[in-house]
Amino acid sequence: MTTDEVLAGVGPRLRRIRKEREVTLAGLSEATGISVSTLSRLESGLRKPSLELLLPIARAHQVPLDELVGAPPVSDPRVRAEPIVRHGRTHWPLTRQPGGLQAFKVLEPQRTAEPDPRSHEGYEWLYVLSGRLRLVLGEHDVVLSAGEAAEFDTRVPHWFGSTGEGPVEFLSLFGPQGERIHVRARPKRS
């Protein structure tokens, strides 16, 4: 809906709300301090609504400003994406917008796989929810347990998967190059 369409609906809505409350233009004028002629022009669409006019009207009718302007209801914030299965690994998308930072909940089944490190543009952050995740990153071969996180530049050859000991559930955040997650974990000193 365009701004002009939203504004065009305000006048009829103001008239409907006023009549439902059985308030006259004179009564609303007295309650708001807005002249009868201005209120009449607002309701007929001859005057564009402004906050200075709508706020006192909303207060007088005891309705939220959204009701006067017909703001669309806020959509359900829950993400209900279907799981995606790739190479035996199940991904649940946690973000809706394509491009930019992407978040996934991932379930890697128990299996033994030979690491096959790959590299590509971007930056990734992993957080293990349960199980143990093997991460091969350049010359490093580490195992992350529940509650541990790793972050890395994906231009470094990398691979991650099951340790073969059981399934692993983890969160994966991936961003195009330059979009880094701002969480830092220091490696443990051996």
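Mentor: A pocket, in the sense used here, is an open set of grid points with protein on both sides within 12 Å along at least five of seven lines. With that in mind, we can read this model, which is a predicted one.

Trainee: What volume does the largest pocket have, and which residues are the closest to its centre?

Mentor: The volume of the largest pocket comes to about 680 Å³, and among the 22 residues that line it, Arg-86, Arg-89, His-91, Glu-124 and Phe-160 are the closest to its centre.

Trainee: How should I read the packing of two helices?

Mentor: Two packed helices are described by the angle between their axes and by the distance between those axes. Here, the axes of helix α2 (residues 25-32) and helix α3 (residues 36-44) come within 9 Å and cross at roughly 115°, which means that α2 is roughly perpendicular to α3. The crossing in which α2 passes α3 is right-handed.

Trainee: Which residues make the contact?

Mentor: On α2 they are Leu-25, Ala-26, Leu-28, Ser-29 and Thr-32, and on α3 they are Val-36, Leu-39, Ser-40 and Glu-43; the residues of this contact of α2 with α3 divide into 5 nonpolar, 3 polar and 1 charged.

Key:
Residues numbered from 1 in each chain as written. Predicted model: local features only at pLDDT ≥ 70, side-chain atom pairs only at ≥ 80, totals over all residues. Heavy atoms only, no water. Axes fitted to C-alpha atoms, helices over the stretch in contact; angles between N-to-C directions. Helix = DSSP H or I, 4+ residues; strand = E, 2+ residues; numbered from the N terminus. Parallel < 35°, antiparallel > 145°, perpendicular 65-115°, else oblique. Left-handed = near helix turned anticlockwise from the far one by under 90°. Contact = heavy atoms within 4.5 Å. Nonpolar A, V, L, I, M, F, W, Y, C, P; charged D, E, K, R; others polar. 1 Å grid on protein atoms, 1.4 Å probe; cavity = no way out; pocket = protein on both sides within 12 Å on 5 of 7 lines; lining within 4 Å. Points joined across faces, edges and corners; volume = space filled by probe spheres on them.
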